[in-house]
Amino acid sequence: MSNHPSLESVAFINCALTNTDILRVILEGCATINNVKIEANKLESEAVAIISDFIQSNPPPTPTEYMNLRHNSISDDDTLLLASSLKNNTHLRLVNLAHNDITEEGEKLLFKTMYDPTSMDSIVESNHTCVIHAWDFTGKESLVQRSNPVEAEVMKINADHDISTKQKIRRKVVLALCGFEGELFDLAHFNDLPLPIMPRVLELIQEHSQIRTHCHLKGLYDENQLEKDALSRLFHTLRGWELPLLFENLHSPPPIKTGGRSH
Amino acid sequence: MNRHNSQIIPASQWISIGYTEDDAQKMEKLQNDMKKYCDEDDTTKVELLGVEIGDQIYHDYGWMIPLWTELFDALHGRTSVEKVNISGIKLPVSIFPTLQSMDLNHLGLYATIIGVDGFHALSTFLGENSSLKYLTLGGDTITIFQLLLPCHMH
């Protein structure tokens, strides 16, 4: 199959592909196929290890972009391996894991692959190209209904193939700085923001986030802790300031104007 | 050769070998559809739906051979057909040369019990084909896919 000149999509449905040797050979044959579906094959941990290898090593120039693994027996424990391999893949656009044995815990782990706001580095190292679904988004519950606003925003960012990775990272950084649910503004506004005013914008966001979080959660959390969290976010932002990935068109700062003269 | 020679096996005959009345009706419809595709020269999609039941009954598919032959003769070289979906009926290996003569871009075989010979024929078909974009295989067990292992490759 890998040498076929036009094959774009291959599906193995209900074929009892539980033999890992066979699965490995099939995936090797699918390395250049755009859309690979292995549905209802009772895939378990051993098979997930093979699939993770495939995801991690799927090379250009025509790597797989869509993987459908619905209706298998993939568990929360397996998501750890999948998440790890997905962090090293920049080609996949969609992995559908609906109707497996994945609970909310596994879903959270998979979501962290796309967006991990623990630090600036973890945001940069997240997967920015793939949308991972562990639930059936074609059912009654739409993506937005099913997800909280942050999840929906991250999905939107990763699914947007018209913006660069750097722009996606910038949006996720701003999202992390917002830091609380609800009333998300349109992060696309930050795409073309001039670099020199970005520090001030982030500062304002930080202040806004701190005040809003404080009001929203007053009485529920320790105020000092809230302040620490806010400072921590700011620290990570500043620490990552030198990261070339954060901003595009990073040039020398503009000359400071004093009395109409440049220095 | 007159392409309309073959007889449709009536529902009663399928019932006599263990099919339910509902499934027997489906088999009769399947045969009518095969006849229909023989006549429709401009069709772009061939969709044949049998029934998904036990292998022991599928083994009596020999009755269907004249109909299959008639259909393959009619479809051979018909480049208007872009999509073929066959499900729930044992498929003769002789279908693959017919499929090769079309400009297929979509092939779906589900529970067609193609067996070892069929798998080899499918592999040959894929090796020589240059038009197919979408391939769906389903309902066939692991025993067929064991042929993919290196020890079976030569």
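Biologist: In this predicted model, which residue follows H4(B), and what marks its phi?

Modeller: Gly77(B) follows H4(B), and its phi is positive, near 80 degrees.

Biologist: Which residues of H4(B) are buried?

Modeller: The helix spans residues 65-75 of chain B, and its buried residues are Trp68(B), Glu70(B), Leu71(B) and Leu75(B). Buried here calls for 20 or more other C-beta atoms within 10 Å.

Biologist: Why are they said to line one face of the helix?

Modeller: Look down the axis of H4(B). The buried residues fall within an arc of 160 degrees, so they line one face. Their cover includes helix H2 (21-39) and helix H5 (95-100) of chain B.

Biologist: Now chain A. What makes H3(A) roughly parallel to H4(A)?

Modeller: The axes of H3(A), residues 76-87, and H4(A), residues 104-114, cross at roughly 5 degrees. Angles under 35 degrees count as roughly parallel, so H3(A) is roughly parallel to H4(A). The axes come within 9 Å.

Biologist: Which residues meet there?

Modeller: Among them are Leu80(A) and Ala83(A) in H3(A), and Leu109(A) and Leu110(A) in H4(A). By class, this contact has 5 nonpolar, 3 polar and 4 charged residues.

Biologist: How do you know that E1(A) and E4(B) pair?

Modeller: Pairing needs at least two bridges. Strand E1 (residues 9-13) of chain A has 5 bridges to E4(B), so the two strands pair, and they run parallel. In one of these, Phe12(A) partners Leu137(B).

Biologist: What does E4(B) give to the side of chain B that touches chain A?

Modeller: E4(B) gives the most, with 5 residues. Across the chains, 18 residues of chain B contact 21 residues of chain A.

Technical notes. Residues are numbered from 1 along each chain as its sequence is written. Chains are lettered from A and ligands numbered from 1 in the order in which they are written. This is a predicted model: local features need pLDDT of at least 70, side-chain atom pairs count only at pLDDT 80 or more; totals for chains, interfaces and linings use all residues. A residue is buried if 20 or more other C-beta atoms lie within 10 Å of its own, exposed if 12 or fewer, and partly exposed in between; C-beta atoms are placed from the backbone. Helices (H or I, at least four residues) and strands (E, at least two) are DSSP runs, numbered from the N terminus. The arc is that of the directions from the helix axis to the C-beta atoms. Two residues are in contact if their C-beta atoms, placed from the backbone, lie within 7 Å. Axes are lines fitted to C-alpha atoms, for helices over the stretch in contact, and angles run from 0 to 180 degrees between N-to-C directions. Angles under 35 degrees count as roughly parallel, over 145 as roughly antiparallel, 65 to 115 as roughly perpendicular and the rest as oblique. Ala, Val, Leu, Ile, Met, Phe, Trp, Tyr, Cys and Pro count as nonpolar, Asp, Glu, Lys and Arg as charged, and the others, Gly among them, as polar.
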